Every structure is written in C-alpha cells, then in structure tokens.
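Please walk through this protein with me, one site at a time. Keep the sequence and the 3D view side by side.

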Amino acid sequence: MQVVTEEESRPCPECGTEIRTDRRFTTWCAACDWNVDPEGDEERHVQGRLGRARRVAARRHGERLHAEVGGDDHAPTARTLPALCAYALACAVHGVTLALVVGGVWCVVYGWGGLGMPFGLFLLFLAWTLGPRLPRLPTEGPVLGRGDAPALYGLVDDIARVAGTRGVDVIAIDTAVNASVTTCGVRERRLLTIGLPLWELLTPQQRIALLGHELGHYSNGDTRRGIVLATAYRSLTAWRYFLAPAEDPSPTEMAVALVCFVPRALVQGVLTVLDGLTLHAGRRAEYLADSSAARAGSTEAAVGLLDRILVADSAEVTLRREANAPRSARRGTDRPEERAERLWDVLAADAGSIPEHEYERRRRAGALRGHRVDSTHPPTHLRRERLLSATPVPAAVVVDEERERRITGELADARSRLARQILRDGFAG
Ligand SMILES: [Zn+2]
Ligand SMILES: [Zn+2]
C-alpha cells in the first residue's frame, strides 16, 4: 500500500524560499506572502475601483477604532449620535406598523359592511405578520434547563459574575460552529446557544473564554441587542422577504415586482443605514467582549479561542464530509450509532492536525483583506493583536477535572443527538 504523505516541500515561485506544503491546505510562502490569500485576490479583482475605495474607508475606520480601543482594557468611547439616530430610525420603522394598525382599525370601523372592511382586515393582517416580534425561546433541539445541567449552569454563573452580569435562563445546543446570546420574550429571558462543533474544538479554558465573550455582550450594552433596534431589524427583514421578487416570474408577478420596486429599495436603504449606524457600536462591543473572555478564561485562552475561530470553516468541511460520506465508504462495521459516537472525535482530530503555517496564513490573509465593509466583527487578527498587546491576565474561572467530567456528562445526550442529526440530515450550519 502506498503511503500518502500530507506534507512536502518545494521552492516558492516568487522568491525561491523552500516552503512546506500540505495538500489539504493552500500552499503559500511565509517569506514573501506569495499566494497568501487566493480567495481574497479573486474578490479584490471582482470588486474593482469602487470596492477598493469602500475597503480603504472601512480599513481606515477599523484602524481608528482599533487604536481607540487600544491594547489595554480601558473602555473605548461609545458614540452617542449614531446610536440616537439608529434608535430614531428604529422607532420610525415601528411607526409604520402602528400606522397599519390604526389604518386597519379605522377602515374596519368606518367601512363596516362595505369594501373598507376587507381592506382594513388586510391592513391588520399585514401589521400582524410584518410587525415586531420578540425572539422566542427554542422549543426544538437539545434545550437544557437549570435542572438538566447544574454543573454547566454553575460554570455560566461563575463566568457571568466575572463579566459583571447575571447568568442565563436557558441553554440551547445546536450544530453551528458558533455561539450566541439573545434576550427572548417580554420577560427578557436570557438564552445562550452553544454550537457543539465549536465547543468540541476548544480546551476547557478556551470554553470559559468563549462563555466569557458571550456573557460580556450582556454587560457592555451592545445596541444591536437593544429590544427596539432588534425588533426593527426583524420587521425590516420580514418586509424585505415579502417584497422580494419571485424567482421565475409570471407576467402578473413581474407587474407586482415592478410595483414593489420602490418600497423594496426603501427597506433595503433603511437596513443599510441602520447597519452603518450600529457598525461602530457592534465592533466596539466585540472588542469589549474579548476583554471579558480574557478575564474569565485568561488571555492565553482568549487568544487560543480566536485561533480556533480563524479555522472554523475547516470544521464545517469535516462535518460536511462525514455527513456526505457514502454508506459504502464508511469504515468497518459501521452502525449509525457508532459513527455518531465517533463524529466529534473525528472533528477534534481533524482540527488538531491543522498545521501552524495554516493558522499563520489565515492571520496574514485577514490582515491583507483589512476591515470588511459589511462585517459586524472586527477582523480576527486585530482582535488577537489587541489581546496580545495588553498585559496578560490570568483566568478568573477554572474548572477541575471533576467539574469538567460532570459538564461533559450533562452534554452527552445533546452530543449523540446532534451527531445523529448531522449524519442523517446532512450538515447545514
Ligand atoms: Zn516566496
Ligand atoms: Zn461577540
């Protein structure tokens, strides 16, 4: 049997320096940056001059913000004017819904028995479907209450104390290579969603940093998460969805699309302006959340977490590959349960085999791309740099083996359930 070696070596076509290659990853040169960002090169080529100008402006803004947030842990100034404008715009969006309700009621009352009535009911229906909705707690998928996972909740509580906030009310586990926090319903219940593929890639200390980052979002007043803004976003997105033209339009649909053109452009415009107004606050919040991650899990763990996020898409590749592997190619006496049991280990092994030069390439590619115009997160290399340039902080929260074992036990059910789901339905996240 021929042994396939993954690593080889060859001279760089630009500068001749000997470079190591790994056929699973992009070949590039650390000495002259040859081929450091092939995807980005393509994008830059497509975007042309306008794209370049926007990128330069975005980079300038990003560098200013990065300088402002600084290496140390002091809070950068929040900008009040854009926040106020965003708030006013969000209120205007809700005003439209209110106008639909008032108009609908007026038509029903004054047009009782006549044509006004169905029209009024139609307006009320519009207001009901397109109006603000608060995020709801999930009902499907693995959802853990306090009683189901006392050790995990205890850990979250400890980290929340360090982040200067209270813990969460519900923890959901899903298949995203991500994690997030939301506030749900009128009772403002806190929901923490942990993406198992990301969780499984992290060391215990990096998991604490991850939770520290997420809980940090509660304590540093991220305007995007404010209820007025969040619901306005939701309404706008619903409007955009309803106004979107049909894919293969009939003549009637084409006429409808023509009529919808102006309101659609208006909705898109408002969304773009809102994005612009909240961008600074959003990125600032990410930097502050990173500080909270470092305080909870240590600077080292927070940096390690960012490195893992840098290569998160290779975890998606692994999961997609495992989900799509044809039955015939599945190893050995594979029963579905055995494969499901192995899935997370395969994922961890794949991630563990990513060479350092691939991490370095991604950091440099990020630096080359600069700030993305539309990205809510600051580039990972700047977040990393900021953590490294601050005085390193030790972990405020640590877990001993016993606690770690209990948390793993509490997640065991979700682990096998989600692995089976990925292998059965494919990987969508
Ligand atoms: Zn070179
Ligand atoms: Zn964040």
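Y110 is exposed, with a relative accessible area of 63%. The model is a predicted one. The ring of Y110 pairs with the ring of W106. Their centres lie 5.1 Å apart, with 35° between the planes. That angle makes the pair tilted, because stacked needs under 30 degrees and edge-to-face over 60. Both residues belong to helix α2, which covers residues 80-110. They are 4 residues apart, about one turn of the helix. W106 is exposed as well, at a relative accessible area of 53%.

A search of the whole structure finds 2 aromatic pairs. Y241 and F242 form another, with ring centres 5.6 Å apart. Here the planes meet at 85°, so the pair is edge-to-face. How accessible is Y241? It is exposed, with a relative accessible area of 63%. F242 also counts as exposed, at 54% relative accessibility.

Aromatic rings take part in another kind of contact, with charged side chains. The charged end of R190 sits over the ring of Y218, 3.9 Å from the ring centre. R133 places its charged end over the ring of W128. In that case the distance to the ring centre is 5.3 Å.

Now turn to the metal. Which residues are the protein donors of the zinc ion (ligand 2)? They are H213, H217 and E286. Both histidines donate through NE2, and the glutamate through OE. These donors lie 2.1 Å from the zinc ion. Along the sequence the donor residues follow the spacing H-x3-H-x68-E. H213 lies in helix α6 (residues 204-219), while E286 lies in helix α8 (residues 251-297). The pair therefore ties together parts that are 73 residues apart in sequence. Are these two residues buried or exposed? H213 is buried, and E286 is buried too.

One last stop is S314. This serine lies in helix α10, residues 312-324. Its relative accessible area is 16%, so S314 is buried. The cut-off for that label is under 20%. What does its side chain meet? A polar atom of the S314 side chain lies 2.7 Å from the backbone oxygen of V311. That distance falls within the 3.5 Å limit for a polar contact.

Look back over the stops. The W106 and Y110 rings form a tilted pair. The Y241 and F242 rings form an edge-to-face pair. The zinc ion (ligand 2) has H213, H217 and E286 as its protein donors.

Technical notes: Residues are numbered from 1 along each chain as its sequence is written. Chains are lettered from A and ligands numbered from 1 in the order in which they are written. This is a predicted model: local features need pLDDT of at least 70, side-chain atom pairs count only at pLDDT 80 or more; totals for chains, interfaces and linings use all residues. Side-chain values use heavy atoms; hydrogens and water are left out. Donors are N, O and S atoms within 2.8 Å of the metal (3.2 Å for Na, K and Ca); water is not among the atoms, so sites may look incomplete. Helices (H or I, at least four residues) and strands (E, at least two) are DSSP runs, numbered from the N terminus. Buried means under 20% relative accessible area, exposed over 50%, partly exposed in between (1.4 Å probe, protein chains only). A polar contact is a pair of N or O atoms within 3.5 Å; within protein, one must be able to donate a hydrogen and the other to accept it, and residues adjacent in sequence count only if both atoms are side-chain atoms. Rings of Phe, Tyr and Trp (its six-membered ring) pair if their centres lie within 6.5 Å; planes under 30 degrees apart count as stacked, over 60 as edge-to-face and the rest as tilted. A charge sits over a ring if NZ of Lys or CZ of Arg is within 6 Å of the ring centre and within 35 degrees of the ring normal.
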